[in-house]
Amino acid sequence: VAAIDTLTTALLPWDPRVSREVTALAVSETMAYLGGPFSSVGVKDRNHIAAVDVATGEATDWAPSVESISSDHHVYDLEILGSTLYVAGAFSAINGEPRSNIAALDLATGAAKPWNPGANGSVLALEITPSAAFVGGNFTTAGGQPRNNLAALDIATSEATSWNPGADGQVNSLLHAGSVVYAGGRFINIGGQQREYLAALDAASGTAASWYPKPNGYVEAL
């Protein structure tokens, strides 16, 4: 993980010294939250998730423990909303609380919040709005309902909403912009239409828009 000056493109001295790759990043005014298969940040042990001071690059004392079956099952996406950090990945518990692949953590304490939708497979992508968490990955149920690789979860209740575009392959990345949710991944059909690897979905109905870029390979990031 690194910090680059947006004007000069110069590499900044900020260097948290993470033991392995970082697969998820969320940044606030004072903190960078990291997720991935790492076991340490600097001289501190950190199990797949950490908070790093944006000024010093040092890991803070915020240290929730992500419990997964191996180092290859870890945290894939992070999103901040208010006082909550939403965590997506492949794990079974956080801080001793059972959480199936998606969780909400208190930004102050690191404790797992009661919000607990669960998904029966890896959650690879996460986009948060004030009312819903859009999640994508490799699952067939989420929020207590059948959902093929894509779902919207109520922020208050954690239950799946009626939004159900369905994707016939893995969803790797999501981006919410106004009334549209962009999805990238390994699917061919989504939102009731053929859309190879990349699609724009109505954030209310879940139907695919006419936008149809047709990339000739999998989309991993948006």
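**Reading contacts and strands in a predicted model**

Me: D61 is exposed, with a relative accessible area of 69%. With which residue does D61 form a salt bridge?

Reply: Bear in mind that this is a predicted model. A salt bridge here needs a side-chain nitrogen of Lys or Arg within 4 Å of a carboxyl oxygen of Asp or Glu. D61 meets that condition with K44, the closest N and O atoms being 3.6 Å apart. K44 counts as partly exposed, at 29% relative accessibility.

Me: How many salt bridges does a search of the whole structure find?

Reply: The search finds 4. Among them is the one between E220 and R186, 3.6 Å from N to O. This pair links distant parts of the chain, with E220 in the segment after β21 and R186 in the loop between β18 and β19 (189-190), 34 residues apart. Both ends are on the partly exposed side of the scale: E220 has a relative accessible area of 45%, and R186 has 39%. Another of the salt bridges joins E21 to R20, with the closest N and O atoms 3.4 Å apart. E21 is partly exposed at 42%, and R20 is partly exposed at 34%.

Me: Turning to rings, how many aromatic pairs are found in the whole structure?

Reply: There are 5. One of them is Y86 with W115, an edge-to-face pair with 5.1 Å from centre to centre and 90 degrees between the planes. Y86 is in strand β8 (residues 84-89), while W115 is in the loop between β11 (102-106) and β12 (123-128); the two are 29 residues apart, and the pair links distant parts of the chain. Both residues are buried.

Me: Why is the pair of Y197 and Y218 edge-to-face?

Reply: Planes over 60 degrees apart count as edge-to-face. The planes of Y197 and Y218 stand at 85 degrees, with the ring centres 5.4 Å apart, so the pair falls in that class. Y197 lies in the loop between β20 (193-194) and β21 (198-202), and Y218 in the segment after β21, 21 residues apart. Y197 counts as buried, at 18% relative accessibility, whereas Y218 is partly exposed, at 48%.

Me: Which residue has its charged end over the ring of Y212?

Reply: The charged end of R195 sits there, 4.5 Å from the ring centre. K214 also lies over the face of Y212, at 5.0 Å from the ring centre.

Me: What is the phi of K214?

Reply: The general idea comes before the case. Most residues other than glycine have a negative phi. K214 has a positive value, near 55 degrees. This residue is in the segment after β21 and is exposed, with a relative accessible area of 53%. N95, which is not a glycine, likewise has a positive phi of about 55 degrees. N95 is in the loop between β9 and β10 and is partly exposed, at 32%.

Me: What is the order of the strands in the open sheet of 3 strands?

Reply: Strands of a sheet pair through backbone hydrogen bonds, either parallel or antiparallel. In this case the order is β6-β9-β10, with antiparallel pairing. The edge strands, β6 (66-67) and β10 (97-98), each pair on one side only. Strand β9 (residues 93-94) and β10 are joined over 2 bridges, and the bridge partner of I94 is E97 in β10.

Me: How many residues lie between β17 and β18 in their hairpin?

Reply: There are 2 residues between them, and G178 in the turn has a positive phi of about 60 degrees. The strands β17 (residues 171-177) and β18 (residues 180-185) run antiparallel and are joined by 6 bridges. V171 stands opposite G185 in β18.

Me: Is β11 mostly covered or exposed, and how many of its residues are buried?

Reply: β11 is mostly covered, with 4 of its 5 residues buried. It pairs with β8 in the antiparallel sense over 5 bridges. A88 stands opposite I102 in β11.

Me: Which residues form a nonpolar patch on the surface?

Reply: V1, L25, V27 and V54 do, with about 310 Å² of accessible area together. L25 is found in strand β1 (residues 24-27) and is partly exposed, with a relative accessible area of 44%.

Notes: Residues numbered from 1 in each chain as written. Predicted model: local features only at pLDDT ≥ 70, side-chain atom pairs only at ≥ 80, totals over all residues. Heavy atoms only, no water. Phe/Tyr/Trp six-rings, centres within 6.5 Å; stacked < 30°, edge-to-face > 60°. Buried < 20%, exposed > 50% of the residue type's maximum accessible area, 1.4 Å probe, protein only. Lys NZ or Arg CZ within 6 Å of the ring centre and 35° of its normal. Patch = residues over 30% accessible without salt bridge, like charges linked within 9 Å, V, L, I, M, F, W, Y side chains within 5 Å. Areas by Shrake-Rupley, 256 points an atom, 1.4 Å probe, with all protein chains shown as cover. Pairing = 2+ DSSP bridges.
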